[in-house]
Amino acid sequence: MIIDYGGNTMSIYRSEKKVYDQKKRKLIPLWKFDTNTLTVACYNIDNGTIEEKTYTSDYVRYHVNFSSGKYPDRLRRLVNEGRIIEYLDDIEENVQLAIEKQVEKWKKEDKEYITLVNKGNIKEAAMLEKCFVYMAREIIFNCMVYV
């Protein structure tokens, strides 16, 4: 479902499977995913509560925005199957890990960085490492986030 609030488009994906909420006295979706707030809500059948998980990383936000525009059926399927948290957790973990691995590789191989560290020029080395992070993000986002 797409809801328009004065120019801001927000997608809310609701699972087809419904459960009866005793407190609300109505059927509610078992799973719900709000792409605006990056919040996944799941009704816990055992204790009758709604459990939520909110994502804050920019790469999850970029991926969700890209996916909801280009592949909304994928997000809808993941919500229906109850696998949306697993999916977003994997993106969050794997993108961060890929960035860290690439930065570490460049730190070990880059002669300028090694020279700065060996000379004790920590400030310049840290600035170069920050550049490595931005370069890695650009590469990794193209193959892991915008897919």
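What you have open is a predicted model, in which local features need pLDDT of at least 70 and side-chain atom pairs count only at pLDDT 80 or more, while totals for chains, interfaces and linings use all residues. Residues are numbered from 1 along each chain as its sequence is written, and side-chain values use heavy atoms, with hydrogens and water left out.

**Stop 1: the whole protein**

Show the protein as a cartoon and find five helices and seven strands. Helices (H or I, at least four residues) and strands (E, at least two) are DSSP runs numbered from the N terminus. Follow the chain from that end and you pass β-β-β-β-β-β-β-α-α-α-α-α. The radius of gyration is 21 Å, well over the 15 Å that the globule rule gives for 147 residues, so the protein is more spread out than a compact globule. That radius is taken over C-alpha atoms, and the rule is 2.2 Å times the number of residues to the power 0.38. Along the principal axes, the C-alpha atoms fill a box of roughly 70 × 35 × 25 Å. Of the 147 residues, 36% count as buried.

**Stop 2**

Now we look for charged pairs. Side chains of opposite charge can pair when their charged atoms come close. Here, a salt bridge is a side-chain nitrogen of Lys or Arg within 4 Å of a carboxyl oxygen of Asp or Glu. By this rule the count is seven.

Select K107 and E104, whose side chains meet in a salt bridge with N and O 3.1 Å apart. Both sit in helix α3 (residues 84-109), three residues apart, which is about one helical turn. Are they buried or exposed? K107 is buried at 17% relative accessibility, whereas E104 is partly exposed at 36%.

E129 is partly exposed, at 26%.

**Stop 2: D58 and R137**

Next, select D58 and R137, a salt bridge whose closest N and O atoms are 2.2 Å apart. D58 lies in helix α1 (residues 58-70) and R137 in helix α5 (residues 122-145), so the pair ties together parts that are 79 residues apart in sequence. D58 counts as partly exposed, at 26% relative accessibility.

**Stop 3: a network**

Which residues join R77 in a network of salt bridges? Select E81 and R83 to see them linked with R77.

**Stop 4**

Select K108 in helix α3. At 65% relative accessibility, K108 is exposed.

**Last stop: K26**

Finish at K26, in strand β4 (residues 26-29). K26 is partly exposed, at 46% relative accessibility.

Methods. Buried < 20%, exposed > 50% of the residue type's maximum accessible area, 1.4 Å probe, protein only.
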